[in-house]
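Grab a pencil and work through these exercises one by one. Try each task yourself before you read the solution below it.

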Amino acid sequence: MEKTKPIEHFINKEIALDFKCPICLDVPSWENYLETECGHFCCKDHNLKLHTKCPICKQVFSNFVKSKKTERDIKALEIYCDYKEVGCNWNGIWGDLKDHLESNCEYFPIQCKWKNCKERKPRNKIKEHEETCEWRIIK
């Protein structure tokens, strides 16, 4: 799963903005956020140090907060499929995106089943590729 998503991926951008990282301007996933005691968010990857100033309000903080409610709120953000630009019409909550991509998305790239083939094709085109793959086993 990606650690962050750009604001454009969210259906309700106003709600997603509440969780936006002030450093990279993306929204961190529920597994990749830090929340300061002053209630602001950023991505873990930015390695904020304790006893430094919050990037938003400049208040010195001495603790990071981990909240189950915040994790649920981030998972519940409504999002478009990562493959919307190439035709996928799915939208749902961020917490369901991984299942959609791995199980249902017709545009998610799938590795060819034939040994030695390095091709990855969208789910809706992989069978066609595998039938003509130069690495396929012909019986």
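This is a predicted model: local features need pLDDT of at least 70, side-chain atom pairs count only at pLDDT 80 or more; totals for chains, interfaces and linings use all residues.

**Exercise 1. Find the salt bridge that Asp82 makes with Lys5, and work out which parts of the chain it links.**

Step 1: A salt bridge needs a side-chain nitrogen of Lys or Arg within 4 Å of a carboxyl oxygen of Asp or Glu. Asp82 and Lys5 qualify, with N to O at 2.5 Å.

Step 2: Asp82 sits in the loop between strand E8 (78-80) and strand E9 (91-93), while Lys5 is in strand E1, 77 residues apart, so the pair links distant parts of the chain. Helices (H or I, at least four residues) and strands (E, at least two) are DSSP runs, numbered from the N terminus.

Step 3: Now check burial: buried means under 20% relative accessible area, exposed over 50%, and partly exposed in between (1.4 Å probe, protein chains only). Lys5 is buried at 1%, and Asp82 is partly exposed at 22%.

Residues are numbered from 1 along each chain as its sequence is written, and side-chain values use heavy atoms, leaving out hydrogens and water.

**Exercise 2. Which parts does the salt bridge of Lys3 and Asp45 tie together?**

Step 1: Look at the closest N and O atoms of Lys3 and Asp45: they are 3.6 Å apart.

Step 2: Lys3 lies in the segment before strand E1 (4-5) and Asp45 in the loop between E4 and strand E5 (52-53), so the pair ties together parts 42 residues apart in sequence.

Step 3: Lys3 is partly exposed, at 47%, and Asp45 is too, at 42%.

**Exercise 3. Where on helix H2 do its buried residues lie?**

Step 1: List the buried residues of H2 (residues 68-75): Thr70, Glu71 and Ile74.

Step 2: Look down the axis of H2: these residues fall within an arc of 100 degrees (taken from the directions from the helix axis to the C-beta atoms), so they line one face.

**Exercise 4. In what order do the three strands of the open sheet run?**

Step 1: The order is E4-E3-E7, with antiparallel pairing. Two strands pair if DSSP finds at least two bridges between them.

Step 2: Strands E4 (41-43) and E7 (64-65) are the edges, as each pairs on one side only.

Step 3: Zoom in on E3 (residues 33-36), which pairs with E7 over two bridges; Glu35 has Val65 as its bridge partner in E7.
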